[in-house]
Every structure is written in C-alpha cells, then in structure tokens.
Amino acid sequence: MVTKLAVREMWISFRLLAVLVSFVGVGVTVALLPAPLPTMMPRLAAGLGLATVVVAAITAWSIAEERRSGRAGWLVARSVSRGTVLGGWFGAMAGPAVIGLACAGALGWLAASSVSLRLAPVAYVAPLTAVFATALGAVAMGLLAGMLLPAQAGVSVVVSVGLALGLAAWAAPEAMALLPGGAFVALGSLTEAVQGAGGAWRASGIALVAAGALLGLARLAVGRADL
Amino acid sequence: MRCVDVTRGPHLSRCSISVSVGTRLLVVSEPHDSASSLLRVLAGLSRPHRGIIEIAGLSGGWERRVAYIGPEPGIHAWMTPREVLDLAAGLLGLHGAEARRGADLALDWAHVRPEEADRPMSRGGASVFQRVALAAALVGDPEVILLDEPLRALDETERTRLLTIPGPRRTVLIASRYPASDAALASHVALLRNGRVAMLASTAELRDADLPLSMSGICELADRRAAEASRHAGPVAAAS
C-alpha cells in the first residue's frame, strides 16, 4: 500500500519519469553515439553513475518531503509501522531504478554488440549486476539522508558522496575495488581484451553489503525520526 | 490518559500530566513547541527519549483509538477526499458498508460538499485539505483526538463549529498558540514551561480569577498559584 502511494506520488510529480529518463537516456545516448568499446564502456559507466546519483538525490528529497509534509506521519498515526513506510519507499524508488537500468543495460548491450562480436555476455552482465546492486545502495543512502536531514541538505550530502566516489573512480580506479562505486569502474574498463568478471562480482558483493548496512541505518533513523 | 516523566529533545523535560476521560484540554506552552511536541509524542509521531505514556490504560497499540490532526494535513494532493477516507478507513480495519457509512458521516461533519468529494484535492483550496484531514481523523470514531494547531485556514466560527466534536467520553487535547480563539473548545487548560506542566486548571478557575483565556491570563494564573504555593511552603521550609 505504501509502495503504491509512493509510486503514484512519484508519477504525479514527474519524479518517476526523471528516474526512468535518467537511466534510459544514458542507454539511448550510448546507442546513438557508436564508438569502439574502450570509448563506449566508460561513457556508459559514467552515465549510469550520474543516473545513480540522480536516483539517490530524488530518494533523499522525496523521503524528506514525506516527513515535512506530514504524509509519513499520517500513515504512522494510523498504525502503519515506520519500517513499512521505509520499505514502501525503498520499493517505490528501487523498482523504477532497476527497470530503467535494465533498459539502459539492454541498449548498452545492443550498442556494444554492434561494434564488437567478441564481447562475452557474462563479462557484460557481471558489472551490470554490480551496477544494479550499487543503485540499490544509492536508494538506501538516499533514504538514510532523507530520514536524517531536511530535503536540500539530504540532497547535498547524497550528491557530494556520489561526486566524491566518482572523483575517486576517475583519479584512482584501482582503489575503487573496495568501495561501493567499483561497479562503474568494472563496467568502464570492460573491453574485448579485459573480460574478467571476478572484479565485477566482488563489486556486487561490496555494493550489496553497503546497501544492507545503509538500509539498516535508515531503519534505525526512521525509528527515531520526527514524522 | 497519563504521561509520566516524558522527555523528548529540548521541548519536553520530565513532563507528567494526567487527563481524565471526556476532558477538553487546551495545552499552551512557553515556548510553543513544547505543546506541539507533547501532542506529537502522544500521537506516536515522535518517540520519547524516556518516560511512560498510557492511553485508555494501554501503554502501546492505541493508534486506532487516537486521532491526530496537525498543522500540515498530511494528505496527497492528487487524492480525492473519498479516496483519503477509504484509505483511512481501510487502515483502521473498516471495510464495506461500515467504512462507507463512517466516511459519509465524517465528510458531512467536515462540510465537504458532495461535488468536492470525488475530485482531486489539488483543485480545492487549503480549507478543503484541512476539512478532509479532519474527516479522515473522525472516520474511525476515535476516543482521543489530538489537535495541533488544526484548521487554521478556516475562519474562527467555522473552525470552532467543526472542532466541537460531540461525545461525552471523547477526550480532546488542543495545542494552541492562540488560546483565545480556542476558548469555546476547552474545559481545562494546561501550561507547559521549560518542558514541564507548570499548571493544570479548569477554564472556570480562570473565569473566577477574572483572567481571560489568553496566554497572558493563563501565565498570570500559573504565577499566582506558584506564589501561593511558595507562601505555603515557606514556613515549612523554614522549620525544616
């Protein structure tokens, strides 16, 4: 019920469209600008990284606005548990993000297979899976920021963390192996010559652990938040 | 309803108060946020850091017996009033004819016109939001109603009429910055100072003391009582 309300609220306020467009737009851009794999994959990775930050920012804004407007409180005052409100918003944000990411991934695969026939599907799916896990972590981070801070501050924090991870990935890609943003480095470095999936699976694991930890913290935060 | 030593942030500090069934209590405070905080804690929107709260003899799980209306209506603008009431009824476990009857009565009480009931609230003004928030609060026929600066978008006469909710066993708490405008709604007043209850009195006591039901009148009565209490305590303290 909370997810349904949240999705409808996002649809009416064009935020759902923004989430879908930010991911699908990356796929479309990559598909419309054909390039060799060493150019295309970093573009795809950077675009999906930016879209992930956008999703985290929209999540932080949305949940902070739910608190400020009293809508979260309206539900909690009617026996809906705080955990259900949090879970409902996680579903409402993660669902469209995963759908948008799947579309972007499919478009990216079509673009990549049009310039290279030697790219193994598993080598492409592994870093994309890591990006899925990272997107879930980004949604969890947005929920945590939105529960703790007002909308603008929450968005600022989320964008700052996203940009810091992006800068780290650009400046020291090897250091990203142990950070949640490693998925984008693994996707960006994918070429015909480098198709090992080990790093990508490790990035998936790290991102999932980070997502779980952030969700746990968000659950603690919602338990203490003023709704 | 009973609060013992409830503490929450800077606004409530070991706040204790007991309100009997059927009381219509106006809660004012210095600063005002304490009164709002008390109602939000009672509604479950803020968690107290410490203390005990009991409503209808229960120390939890009273949400279905308590309704809260705050300064923000907390309703999605794209919903129609009927959708809001259906949702509120569903969350309270009311379904079918019972829910429809409750919704119709609540909409009628809140003066939501039939033509407004089935169109999105974004097409109406702030008063529609607040009327629907009131109707959604009343749909479950709550025993305790917590009003935190509600219906300020309505004129005073209409607001007083809507908030004079009948029922001899219904307990109503009103947090207000403008006690004079809520005079007709209250049978008792409570003053919170520094997060604690400094005074609990009936409105008749204010009248008997020739004081108006205003912030200054309530503070004056609290000061007189405090002075009287210290006079009584003086010789005892000196003897001990």
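B:D141 counts as partly exposed because 14 C-beta neighbours sit inside 10 Å (the class between buried, which takes 20 or more other C-beta atoms within 10 Å of the residue's own, and exposed, which takes 12 or fewer, with C-beta atoms placed from the backbone). This is a predicted model, in which local features need pLDDT of at least 70 and side-chain atom pairs count only at pLDDT 80 or more, while totals for chains, interfaces and linings use all residues. Residues are numbered from 1 along each chain as its sequence is written, and chains are lettered from A and ligands numbered from 1 in the order in which they are written.

Back to the backbone of B:D141: its phi is positive, about 50 degrees, although the residue is not a glycine. B:D141 lies in the loop between α5 (126-138) and β6 of chain B; helices (H or I, at least four residues) and strands (E, at least two) are DSSP runs, numbered from the N terminus. B:R14, also not a glycine, has a positive phi of about 50 degrees too, but B:R14 is found in strand β2 (residues 12-18) of chain B. With 15 other C-beta atoms within 10 Å, B:R14 is partly exposed. A cis peptide bond turns up between B:E30 and B:P31, with omega about -5 degrees, and B:P31 is in the loop between β3 (24-30) and α1 (33-43) of chain B.

Then there is strand β5 (residues 66-69) of chain B, covered on both faces: B:V66 and B:Y68 are buried on one side, B:A67 and B:I69 on the other. Strand β5(B) runs parallel to β6 (residues 144-148) of chain B, joined by four bridges (pairing takes at least two DSSP bridges between two strands). Within β6(B), B:L147 is the bridge partner of B:I69.
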